[in-house]
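The sequence and the coordinates are shown first.

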Amino acid sequence: MASTASAASPLTCHHLGVRLRPHLPSFSLRRRSTSSLSSKPISLSHSHPLPKPLTLSPAAAARRLLPPVAAAPTSPPAPASPPAKPALQGAAIKPLLASIATGLIIWLIPAPAGVARNAWQLLAVFLATIVGIITQPLPLGAVALLGLGAAVLTRTLTFAAAFSAFGDPIPWLIALAFFFARGFIKTGLGNRVAYAFVSAFGGSTLGLGYSLVFAEAFLAPAIPSVSARAGGIFLPLVKSLCEACGSRTDDGTERKLGSWLMLTCFQTSVISSAMFLTAMAANPLAANLTASTIGEGIGWTLWAKAAIVPGLLSLVLVPLVLYVIYPPEVKSSPDAPRLAKEKLATMGPMSKEEKIMGGTLLLTVGLWIFGGMLSVDAVSAAILGLSVLLITGVVTWKECLAESVAWDTLTWFAALIAMAGYLNKYGLIAWFSETVVKFVGGLGLSWQLSFGVLVLLYFYSHYFFASGAAHIGAMFTAFLSVSSALGTPPLFAAMVLSFLSNLMGGLTHYGIGSAPVFYGAGYVPLAQWWGYGFVISVVNIIIWLGAGGFWWKMIGLW
């Protein structure tokens with residue numbers, strides 16, 4: 001077929017408003033003949049060195065050219081705005097002012113007769129710190145550090161005295177417990193044990209709580225450190241249970257299960273500590289002070305016999321009371337045991353890391369139980385266990401450093417221990433005890449009512465203590481002596497004061513070794529922790545002095 005190419009206008013770029021003659025290779029398009037299928041296919045030929053201009057068909061050439069479009073005028077770009085500066089994350093002003101005002105008011109009040117000026121000034125700093133811890137203008141560790149700084153700057157305490165409690169084993173044992181919890185959860189052992197508990201008791205939240213409560217009480221007589229029991233064993237387990245059930249601290253699901261379970265395990269830990277002579281490190285101190293004051297000791301069997309009835313009642317009723325006044329959002333889960341068993345099947349056999357973690361935990365708990373025979377204390381056993389985890393890589397030091405709650409708890413708890421300890425050394429606690437004793441003795445009440453008043457004062461003065469041992473050492477002998485002088489049966493008074501020396505630890509988040517552990521998990525706000533702590537304290541006093549009083553009458557204590 002003859003070529004139909006003819007002269008045509010060159011290709012134009014109308015959108016630029018100019019006519020350009022492009023230098024492109026010439027393409028010769030040869031159509032197949034419509035009459036024969038054997039004609040050559042379409043071929044592409046190139047001619048060199050000067051290509052012919054690309055031509056268009058007449059129809060295409062006849063198309064009307066569009067007028068050129070003028071390019072839009074370009075405006076200079078707007079200057080970039082500087083990035084916004086981040087807002088300062090400082091203290092909340094109103095809580096900070098409330099804390100400072102509390103300290104200033106007490107500081108300016110003249111010290112009562114018999115109280116040294118430095119003791120009164122330390123009381124002002126201590127109460128200002130407590131108000132700051134309650135209102136939280138800053139994180140707890142920062143508030144405590146400000147309190148220590150104020151004590152040092154005003155020369156109320158020397159630097160060595162202010163930071164002396166950082167050498168106390170209890171704050172370090174609590175921090176080590178958080179490191180154990182990290183390994184327990186990281187390896188998956190926590191989930192495995194949690195699913196096992198759920199599969200056995202998880203049909204109801206209450207049943208799950210009771211299983212933990214009585215497991216802790218079962219271990220209490222064998223592990224004399226409530227901090228070790230709470231932090232090394234039950235905190236990791238409870239955290240794993242909460243997370244396995246979808247209750248976490250960072251997504252608004254705390255009330256689903258974690259809030260109730262953490263508060264329940266904490267409040268019952270002080271009950272189990274009161275039930276056995278060897279369940280809390282300070283209990284033998286109370287027994288020794290009893291022997292030196294009234295000439296009659298308290299043995300392991302007598303302690304357990306007197307505490308078993310009110311203790312079991314409290315272990316049953318306290319979780320139930322909290323279940324009513326601070327209920328979890330999820331109360332029953334009929335499918336939970338089946339799902340937990342499926343999860344366990346999916347997990348398969350234990351990994352190497354789980355076995356190391358489990359073996360380390362057994363080693364540490366074994367030393368907590370039998371360490372007395374080997375002269376190995378609780379914190380040394382915990383350090384040994386953590387060393388194994390670090391050496392094997394189950395937990396890394398970087399992960400320990402990332403446990404901010406552990407370091408924060410270590411800071412504020414050590415600060416409170418130091419200040420409370422020096423309140424005792426400066427004579428303020430002795431003055432308070434003598435004042436109370438004289439006041440109650442002058443009321444002319446029966447021994448039952450006088451002892452009741454003394455018990456309440458002894459119990460609720462624990463707001464000023466960060467340690468049961470410190471409280472016992474400061475006030476136990478004075479209150480026991482006065483109770484006996486007012487006609488209270490001496491052994492009966494000694495045992496009641498001994499039991500209450502454990503139960504009063506449930507008032508605050510610093511009153512006993514298990515308190516910072518469970519509070520530090522972050523499931524319960526501080527105001528609710530203190531509020532429910534007071535409510536449960538009333539419940540415990542009614543149970544132990546009411547039902548317990550009848551039981552003690554039956555066994556001849558009074």
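## Cysteines

A disulfide is a pair of cysteine sulfur atoms within 2.5 Å. The structure examined here is a predicted model, and a search of the whole of it finds zero disulfides. Cys 245 is in no disulfide, and the nearest cysteine sulfur, which belongs to Cys 242, is 7.4 Å away. With a relative accessible area of 28%, Cys 245 is partly exposed.

Cys 265 is likewise in no disulfide; its nearest cysteine sulfur is that of Cys 242, at 8.2 Å. Cys 265 counts as buried because its relative accessibility is 6%, and the limit for a buried residue is under 20%.

## Overall architecture

The protein contains 23 helices and zero strands. Of its 558 residues, 44% are buried. Among contacts with a separation of 6 or more, 76% are between residues 24 or more positions apart.

## The nonpolar core

In soluble globular proteins, nonpolar side chains tend to be buried together. In this model, the largest nonpolar core has 159 residues. Leu 212, Trp 368, Leu 416, Phe 518 and Trp 544 are the residues with the most contacts inside this core. Helix α17, which spans residues 404–425, gives the most to the core, contributing 13 residues.

The surroundings of Leu 416 can be listed individually. When neighbours within four places in sequence are left aside, Leu 416 is in contact with Phe 126, Thr 129, Ile 130, Ile 133, Ala 466 and Tyr 510.

## Aromatic pairs and charges over rings

A pair of aromatic rings is described by the distance of the centres and the angle of the planes. The structure holds 26 aromatic pairs. In the pair formed by Trp 447 and Trp 558, the ring centres are 6.2 Å apart and the planes stand at 75°, so the arrangement is edge-to-face. This pair links distant parts of the chain, with Trp 447 in helix α19 (residues 447–460) and Trp 558 in the segment after α23 (526–554), 111 residues apart. Trp 558 is partly exposed, at 36% relative accessibility. Phe 499 and Trp 544 form a tilted pair, with 5.3 Å from centre to centre and 55° between the planes. Here too distant parts of the chain are linked: Phe 499 belongs to helix α21 (residues 490–503) and Trp 544 to helix α23, 45 residues apart. Both Phe 499 and Trp 544 are buried. Ring pairs join Trp 303, Trp 447, Phe 451, Phe 492, Phe 499, Trp 544, Trp 552 and Trp 558 into a cluster.

Charged groups also sit over aromatic rings. The charged end of Lys 331 sits over the ring of Tyr 323, 5.6 Å from its centre. The charged end of Lys 425 sits over the ring of Tyr 422, at 4.6 Å from the ring centre.

Thr 205 is found in helix α8 (residues 205–219) and is buried, with a relative accessible area of 6%. A polar atom of the Thr 205 side chain lies 2.5 Å from the backbone oxygen of Val 330. Beyond its neighbours within four places in sequence, Thr 205 is in contact with Leu 257, Trp 260, Pro 328, Val 330, Lys 331 and Ser 332.

Ser 498 is placed in helix α21 and is buried, with a relative accessible area of 1%. Not counting residues up to four places away in sequence, Ser 498 touches Ala 286, Ile 298, Trp 303 and Phe 476. The C-alpha atoms of Ser 498 and Ala 287 are separated by 7.8 Å, although these residues are 211 residues apart along the chain.

## Positive phi angles

Most residues other than glycine have a negative phi. Arg 155, a residue other than glycine, has a positive phi near 60°. Arg 155 is found in the loop between α4 (140–153) and α5 (159–162), and is exposed, with a relative accessible area of 77%.

Ser 375 also has a positive phi, of about 60°, although it is not a glycine. Ser 375 is in the loop between α14 (352–374) and α15 (378–392). At 71% relative accessibility, Ser 375 counts as exposed.

How values were computed. Residues are numbered from 1 along each chain as its sequence is written. This is a predicted model: local features need pLDDT of at least 70, side-chain atom pairs count only at pLDDT 80 or more; totals for chains, interfaces and linings use all residues. Side-chain values use heavy atoms; hydrogens and water are left out. A nonpolar core is a set of buried Ala, Val, Leu, Ile, Met, Phe, Trp, Tyr and Cys residues joined through side-chain atoms within 4.5 Å. Buried means under 20% relative accessible area, exposed over 50%, partly exposed in between (1.4 Å probe, protein chains only). Helices (H or I, at least four residues) and strands (E, at least two) are DSSP runs, numbered from the N terminus. Contact means heavy atoms within 4.5 Å. A polar contact is a pair of N or O atoms within 3.5 Å; within protein, one must be able to donate a hydrogen and the other to accept it, and residues adjacent in sequence count only if both atoms are side-chain atoms. Rings of Phe, Tyr and Trp (its six-membered ring) pair if their centres lie within 6.5 Å; planes under 30 degrees apart count as stacked, over 60 as edge-to-face and the rest as tilted. A charge sits over a ring if NZ of Lys or CZ of Arg is within 6 Å of the ring centre and within 35 degrees of the ring normal.
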